[in-house]
Amino acid sequence: MKKVTVLGSTGSIGTQTLDVIRTHPEQFELYALCGGSNAELLKKQLAEFRPKYSAGLVEIDPSDIPAGVSYHAGHDAILEISSDSGTDIFVNGISGFDAFRPLLCSLETGKNVALANKESIVCGHILVNDMTSRHQNRILPVDSEQSAIFQCLETSQHSQVENLLLTASGGRFWKYSREELTLVTVEQAMHHPTWKMGNKITIDSATLFNKGLEIMEASYLFDIPGRDIKVLIHPQSIVHSMVEFCDGTVLANMSNPDMRLPIQYALSYPDRTWSSCTRLDLGMIQNLTFYDAPAEKYPALRMAYDALSVGGTMPTVYNASNEVAVWAFTKKLIRFTDIYDVVDYTLQHHIAQNADSIEAIESADSEGRNSASVYIDKLVRK
Ligand code: MG
């Protein structure tokens, strides 16, 4: 029986992780959970799973906490659960840069971390690598593309890899011109054609900033330079990514799009186990299509390659300014295409530093947020 701690239990990854645990009570047991600010859902999760330890961002009435369950509210309580070595594996599905400190705490325990959060790798890969080489533990990627690459790489050597082929659904607007994109509304951007995800990542899929973050994430996770990472638009989201080797062989990882699959693989790794996910029927699907996604055409990709080649704190600023821009877009303060301009402006005004301490990363993160907010203010006053 593997004991699992779920960080970000009330988010999209968290609830799907609990679903995997629910489907496999003979293999996985929930040890602890940390939720966000959805008190109703947290209460339901505590009542159903009765984890020994739990935390969240909201106070819960003691009468709603089941007997034998300990619950504390606040960031310190979340960090405490993230540092509890009584579990066998952590799943970190916290959204945004908030996942970073809990991730470092979990890695410090020496346990493996199934990581869905890309921002903490994009911003803090140096610290994360230091930690995993010190403790000999691993990051098991949960992001579907990274899990696919991870699986394709399992039987080969790093030196034999020629290219990583990251697939992107493209969201709903990948064929739109810049003019058409300026008219995209929040409601349109929140609707993803193939994946069921949180709001922030759904907007990021529509802008392709999600793919930009994944280019950087893949580069750091698998130690492959940006020039060897290519993006292909693949609207069906059946091929989750591919690896091209030095002999021309391409390995692909395929399934119906369902995040419970990469979550389950990270939990059961290195084993595979039965899953309730709908089986892939290629005869029914018939067509899988792929389109080149040149960086010149997609500003989110171009800026990601540029930020990656500068390195240091540049990827942190890419992420921070995008988070602020997405927030402003969802509040209807700026237009869809302004998201690109906010990030572009912020990157242009940042002088990259080494990203080898929490302080350096957090300071770049807040500088990026400030700078993005300044630009958004200018747009709003126009
Ligand atoms: Mg992904």
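**The sheet**

Q: What order do the strands of the open sheet take, and how are they paired?
A: In this predicted model, 7 strands make up an open sheet in the order β4-β3-β2-β1-β5-β6-β7, with parallel pairing.

Q: What makes β4 and β7 edge strands?
A: Each of them pairs on one side only, and this holds for β4 (70-73) as well as β7. From one strand to the next, the twist averages 25 degrees.

Q: How do you know that β3 and β4 pair?
A: Two strands pair if at least two bridges are found between them. Strand β3 (residues 53-56) is joined to β4 by 4 bridges, so the two count as paired, and they run parallel. Within this stretch, A55 stands opposite H72 in β4.

Q: Which strands does helix α4 touch as it packs on the sheet?
A: Helix α4 (residues 100-108) touches β1 (2-7), β5 (89-92), β6 (112-115) and β7. The direction of α4 makes about 150 degrees with that of β6.

**Helix α1**

Q: How does the reach of α1 compare with the expected span?
A: Helix α1 (residues 12-23) has 12 residues and reaches 17 Å from first C-alpha to last. At 1.5 Å a residue, 16 Å is expected, and the value is close to that.

Q: Which residues of α1 are buried, and what do they pack against?
A: The buried residues are I13, G14, Q16, T17, L18, V20 and I21. They pack against β1, β2 (28-34), α2 (39-49), β5 and α11 (260-268).

Q: What makes D143 and E214 a link between separate parts of the chain?
A: D143 lies in the loop between β7 (139-141) and α6 (144-153), while E214 is in helix α10 (residues 209-222), so the pair ties together parts 71 residues apart in sequence.

Q: Why do D143 and E214 count as buried?
A: Buried means under 20% relative accessible area. D143 is at 7% and E214 at 1%, so both count as buried.

**Aromatic pairs**

Q: Why is the pair of Y345 and Y375 called stacked?
A: Rings pair if their centres lie within 6.5 Å, and planes under 30 degrees apart count as stacked. Here the centres are 4.5 Å apart and the planes 25 degrees, so the pair is stacked. It is one of 12 aromatic pairs in the structure. Y345 lies in helix α15 (residues 338-348) and Y375 in helix α16 (residues 358-381), 30 residues apart.

Q: Are Y345 and Y375 buried or exposed?
A: Y345 has a relative accessible area of 18%, and Y375 also has 18%. The cut-off is under 20%, so both are buried.

Q: Which residues do ring pairs link into a cluster?
A: The cluster consists of F173, Y176, F209, Y318, F329, F336 and Y340.

**L164**

Q: Why is L164 called buried?
A: The relative accessible area of L164 is 0%, which is under 20%, so L164 is buried. L164 is in strand β8 (residues 161-168). Among the residues L164 touches are I149, A218, F222 and V243. L164 and F222 are 58 residues apart in sequence and 9.5 Å apart in space, C-alpha to C-alpha.

Notes:
Residues are numbered from 1 along each chain as its sequence is written. This is a predicted model: local features need pLDDT of at least 70, side-chain atom pairs count only at pLDDT 80 or more; totals for chains, interfaces and linings use all residues. Side-chain values use heavy atoms; hydrogens and water are left out. Buried means under 20% relative accessible area, exposed over 50%, partly exposed in between (1.4 Å probe, protein chains only). Axes are lines fitted to C-alpha atoms, for helices over the stretch in contact, and angles run from 0 to 180 degrees between N-to-C directions. Contact means heavy atoms within 4.5 Å. The expected span of a helix is 1.5 Å times one less than its number of residues. Rings of Phe, Tyr and Trp (its six-membered ring) pair if their centres lie within 6.5 Å; planes under 30 degrees apart count as stacked, over 60 as edge-to-face and the rest as tilted. Lists of a residue's contacts leave out its neighbours within four places in sequence.
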